Each structure stands twice: as structure tokens, then as C-alpha cells.
Amino acid sequence: MVEHLHQPLVDIVIPVHSTSRPLQRAVASALRAAPGAAPGQCRVTVVAHHLTAEQVYSMLSAEQRAVVHVVESEDRGSTAAVPRNEALRRTTARYISFLDSDDTLDPGAVTRWLRIAERRGSDLVMPFQHHENPRVDITPIVRPLRRSDLDPVKDRLGYRSTAFGLIRMSAVRRTGARFDESARTGEDQSFVMALYTGAHRIDLAPGLPGVLMHADGTDRVSRQLLPIRETVAAALDLGREHWFAGVPDELKRSYILKYIRVNFFPVLEHAVRSGVWDADYARSANAVFEELTQYAPHVTDQLSRADLRVALLLSPGAGERELLAALAERRRYTTPGALLTERWTRVLGRQAPLRVVAASAVQMLRYRWALAAGSRN
């Protein structure tokens with residue numbers, strides 16, 4: 001790797017907003033992520049957000065300071081949207097790859113993704129994400145044995161909302177993909193949905209090497225309890241994007257079903273257990289649920305009976321204990337209530353619980369196998 005390359009093949013971008021972040025660890029992993037790359041092919045760029053370039057350089061080792069490119073972004077916003085958009089504006093690379101400052105790339109990951117993208121013409125190479133803690137990452141919930149030329153709906157790409165991996169900059173420019181600087185959480189939703197909508201080709205890089213998600217980040221906005229509308233604003237506000245009118249209803253529906261299941265319902269439980277649930281919160285939650293289900297046609301048809309039971313309890317008079325019991329019931333995936341839809345004609349729908357749960361079980365096995373076996377590329 002060399003310093004300040006004018007036109008590298010790939011820009012590995014690491015936004016950082018605090019001197020408490022383990023930036024040296026992230027940078028070290030990025031420098032090891034592209035072994036065998038030709039001279040000048042890869043550049044590591046750190047984007048300083050609410051920090052000066054001098055502060056960022058002080059966080060790096062002497063060896064890293066000699067090769068890492070540091071740029072400053074505007075000191076606004078509380079998420080990584082601003083520095084990521086700054087990187088999109090500035091990069092001259094063919095590809096860009098984002099890395100959070102508290103996560104790491106596995107050795108050889110970028111080399112692997114470049115090989116896939118150059119061979120297949122990928123606009124987006126989705127990486128294997130594994131975790132320092134025992135969490136199992138099953139996203140995206142793809143069709144069995146599928147790994148190339150993914151379909152956003154058939155392969156349920158909406159369940160993967162992170163902007164990691166390798167992204168072709170010509171696809172970013174063509175689709176107008178940008179991170180949402182107005183969202184307090186989920187700022188990557190608009191970026192990945194624009195790519196899912198307009199990318200010519202999306203490929204998966206299953207197994208190692210991939211991205212390792214560490215568990216020591218303590219100041220992420222996504223872990224804070226926000227008003228219920230703000231927790232889903234990133235999804236609901238996609239309608240403001242110029243490309244959104246061209247999104248097929250089926251993709252909108254699959255995406256919002258993921259958001260209801262993975263984001264909305266857990267926020268409800270968190271609110272109850274945190275002691276903030278009251279009549280006003282219940283009214284807000286009910287209004288947000290109505291807004292979510294109007295996002296695309298037939299959303300409620302693909303929800304389970306247990307999901308709809310939770311929705312009925314979003315009223316000021318519902319008891320907290322009853323709501324917690326209903327939220328627990330929707331996660332019991334061996335019961336008819338959690339697996340079946342209200343209408344029998346929707347039970348076997350691609351986005352309905354029965355098929356999503358079955359595909360998730362297969363993905364869980366693939367995840368564990370991948371950790372044990374490593375990359376098969």
C-alpha cells in the first residue's frame with residue numbers, strides 16, 4: 001500500500017468520530033485485507049468526523065501514519081452518514097469498501113471481494129459477517145445454495161441493511177445512493193436500498209474471510225432508546241428519495257416486513273422493559289404500525305397471526321404483561337401462531353413467516369459451517 005494514491009482500485013473507508021475508538025485495530029485489519037494486491041491498488045482512508053486530522057493521526061501508529069489517507073468531514077450529524085457521504089464524494093477509486101472503526105476486516109477479505117467483482121462484474125459484493133460474541137448472523141436469507149447474481153426479493157436482501165463489502169462506484173453514481181444524514185439511526189437504509197433497486201448484479205461472498213463485528217462499541221446510536229417514530233424513520237422516509245418511485249411493490253413489501261419484524265417489534269419490547277411504555281407511547285406505536293403497513297400493498301397478509309395479535313395490543317388500555325406475552329409468542333417459531341398467516345392463501349408466500357423461518361434455519365447451518373470450513377472460493 002502507498003500513501004495518497006490518486007486513483008486506487010479500491011478505497012477502504014473508515015469513519016471515526018471519537019478518540020476512544022480502537023482505530024489502530026481497524027486500520028491494521030484494513031492493511032491486511034488486501035494481500036497480493038498490485039502496488040497502488042488499495043488505499044485506506046480514515047474520515048475524521050467531529051475530529052481534526054491531527055487528532056486522527058495521533059490515534060495511529062507511526063507505520064500507519066505513513067500510509068493512511070486522512071480527510072476531514074463537516075462537523076454535523078450524529079451518525080456515520082456525513083463522513084461516509086464525504087468519502088463517496090471524494091473517492092477516485094473504482095470500488096469503495098466501508099468499515100466501522102470498532103470492527104475489523106479478516107486478512108485477505110478485500111482481495112477476495114475484488115476477485116469476485118472483477119470476474120463477475122458485480123456492482124455489490126455482500127460479505128460474510130461474523131461476530132466476536134456468540135451471535136449468529138444469517139443475513140441475507142438467500143435461496144438454498146445461492147451465492148451469485150442475487151435477486152433482492154427472492155434472496156430477501158432487505159434483511160441485510162449494512163453497507164459492508166465491496167461497492168462499485170459507478171453503481172453508486174448511477175443509482176444516486178447516499179446515506180441518510182437526517183436519520184438518527186439506520187442511516188445506511190437509503191444507501192443499500194438504492195443499490196438493491198438499481199444494481200445490475202449483486203453477488204455474495206459466503207464464508208471467511210469477511211467482516212468481524214466486535215462487541216466493544218459502547219456509544220452506537222443504534223443502541224439508544226429513541227422515540228418510536230425515530231427508530232423507523234430511516235425506512236419510512238425513503239419515499240423522499242428520487243429513485244424510490246421505481247421500486248417494485250414486491251421489494252418494498254419484503255423490505256418493510258423485515259423492518260417490522262427485526263426493528264419495530266424489538267423496539268416495542270425494549271420500551272416496555274425500559275419503563276417508558278405509557279398511553280402516549282402506545283398511541284405513537286399504533287400510528288407507526290399503521291404507517292408501516294401502508295408502505296406497500298398486502299403487508300399485513302404476510303405477517304403471522306401472533307404478529308397481528310401484538311398489533312391489536314397497541315392501544316392505551318393494553319396491559320404491559322399481556323403485550324410482553326404476545327411479543328414472546330411471536331418468537332415461538334414452533335407454534336402455529338408464529339408460523340401461519342391469517343389468510344391461508346398467504347401461508348407459503350416467500351416473505352411469510354413459514355418460509356422465512358425455514359430459510360433462516362438453513363442460513364444458520366451455513367453460518368456455522370462457514371466458520372468451521374472457511375472460504376471455499
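Let's start with the layout: the C-alpha centres of domain 1 and domain 2 lie 29 Å apart. Domain 1 covers 10-213, and domain 2 covers 228-362. Those bounds come from an automatic or database domain assignment.

A word on the source. This is a predicted model, where local features need pLDDT of at least 70 and side-chain atom pairs count only at pLDDT 80 or more, while totals for chains, interfaces and linings use all residues. Residues are numbered from 1 along each chain as its sequence is written, and side-chain values use heavy atoms, with hydrogens and water left out.

Now the domain interface. On the domain 1 side, 23 residues are in contact with 23 residues of domain 2. Contact here means heavy atoms within 4.5 Å. About 2200 Å² is buried between domain 1 and domain 2, and carbon and sulfur atoms give 61% of that area. Buried area is the accessible area, taken with a 1.4 Å probe, that two parts lose on being put together, summed over both.

How many salt bridges run between domain 1 and domain 2? The count is two. By salt bridge I mean a side-chain nitrogen of Lys or Arg within 4 Å of a carboxyl oxygen of Asp or Glu. Side chains of opposite charge can pair when their charged atoms come close. R184 pairs with E230 in a salt bridge, and their closest N and O atoms are 2.9 Å apart.

Over the whole structure, the search finds 25 salt bridges. One of them joins R174 and D123, with the closest N and O atoms 3.0 Å apart. R174 sits in helix α6 (residues 169-175) and D123 in the loop between α5 (109-120) and β6 (124-127), so this pair ties together parts that are 51 residues apart in sequence. Helices (H or I, at least four residues) and strands (E, at least two) are DSSP runs, numbered from the N terminus.

Next, the spaces. Both kinds are found on a 1 Å grid over the protein atoms alone. A cavity is a set of points where a 1.4 Å probe fits but cannot get out. A pocket is an open set with protein on both sides within 12 Å along at least five of seven lines. Lining residues have an atom within 4 Å of a point. Grid points are joined across faces, edges and corners, and a volume is the space filled by probe spheres set on the points.

The second largest pocket holds about 360 Å³ of space. It is lined by 20 residues, and L204, P206, G207, R366 and A370 are the closest to its centre. Helix α14 (residues 353-373) gives the largest share of this lining, five residues. By type, the lining of this pocket has 10 nonpolar, five polar and five charged residues.

As for cavities, there is one of 30 Å³ or more. The largest cavity has about 50 Å³ of space. Its lining includes L124, M126, R160, F164 and Y196. β6 and α7 (189-198) are the elements that give two or more residues to that lining. Nine lining residues of the largest cavity are nonpolar, one is polar and one is charged. Ala, Val, Leu, Ile, Met, Phe, Trp, Tyr, Cys and Pro count as nonpolar, Asp, Glu, Lys and Arg as charged, and the others, Gly among them, as polar.

Last, the backbone. Which peptide bond has omega near -10°? That is the cis bond from T139 to P140. P140 lies in the loop between β7 (129-131) and β8 (166-168). D149 is also placed in the loop between β7 and β8. Phi of D149 is near 50°, a positive value in a residue other than glycine. L208 and P209 are joined by a cis peptide bond too, with omega about 0°. P209 belongs to the loop between β9 (202-205) and β10 (211-213).
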